[in-house]
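Please walk through the structure shown below, beginning with a single residue and then widening the view to the whole chain.

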Amino acid sequence: MTFEQITLIIAGIFSGLHAGLLYDFSVDVVPTLRQLKPKEHIRTFQIINKTIVNPWFAPSLFIPVVLLPLVAFWYRGEPVFGLLVAAAVLDVVGSKLATAIGNVPLNEKLAQVDVDRLTDKEAEKIRQEFQ
């Protein structure tokens, strides 16, 4: 097995880990949070946002950003090149850039909320804006 093939496998594994996280979050965590009262929902999401930034999460987020374009470059001229470019673009634009532009600012805004000072109506409004 070549270095390029090993690198492709590693990129695929970490892309899959991140995709699995996003999938699980959308089909398990978000529906569960929607069942909570607004203040509980906000408080829980604040905890999730703090907890997810950890050394185990970072590799699945950043390794594909580096390796997928690199592997695509290595395979230029090969039949698989187009698929690798598509994978790199979808990962960087569809996942990471969307997260950086959309989710991170929402998460930072949510982190500033003092749940204990909110009325139920204010908490519901914030939850609706956040979802």
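In this predicted model, Asn49 counts as buried because its relative accessibility is 16%, and the cut-off for burial is under 20%. The residue is found in helix α2, which covers residues 38–51. When residues up to four places away in sequence are set aside, Asn49 touches Asn107 and Leu110.

The view may now be widened to the fold. The protein chain contains 5 helices and 0 strands, and from the N terminus on its elements run α-α-α-α-α. The chain is more spread out than a compact globule, because its radius of gyration is 18 Å, well over the 14 Å that the globule rule gives for 131 residues. Along the principal axes, the C-alpha trace spans about 60 × 25 × 20 Å.

Burial and surface complete the description. Of the 131 residues of the protein chain, 26% count as buried, and Asn49 counts as buried too. The accessible surface of the chain comes to about 8800 Å², and carbon and sulfur atoms account for 68% of that area. As for charge, the protein chain carries 12 positive and 13 negative side chains. The centres of these two sets lie 7 Å apart.

Methods. Residues are numbered from 1 along each chain as its sequence is written. This is a predicted model: local features need pLDDT of at least 70, side-chain atom pairs count only at pLDDT 80 or more; totals for chains, interfaces and linings use all residues. Side-chain values use heavy atoms; hydrogens and water are left out. Helices (H or I, at least four residues) and strands (E, at least two) are DSSP runs, numbered from the N terminus. The radius of gyration is taken over C-alpha atoms; the globule rule is 2.2 Å times the number of residues to the power 0.38. Buried means under 20% relative accessible area, exposed over 50%, partly exposed in between (1.4 Å probe, protein chains only). Accessible areas come from the Shrake-Rupley method with a 1.4 Å probe; for residues, only the protein chains shown count as cover. Lys and Arg count as positive and Asp and Glu as negative; His and the chain ends are not counted. The place of a charge is taken as NZ of Lys, CZ of Arg, CG of Asp or CD of Glu. Contact means heavy atoms within 4.5 Å.
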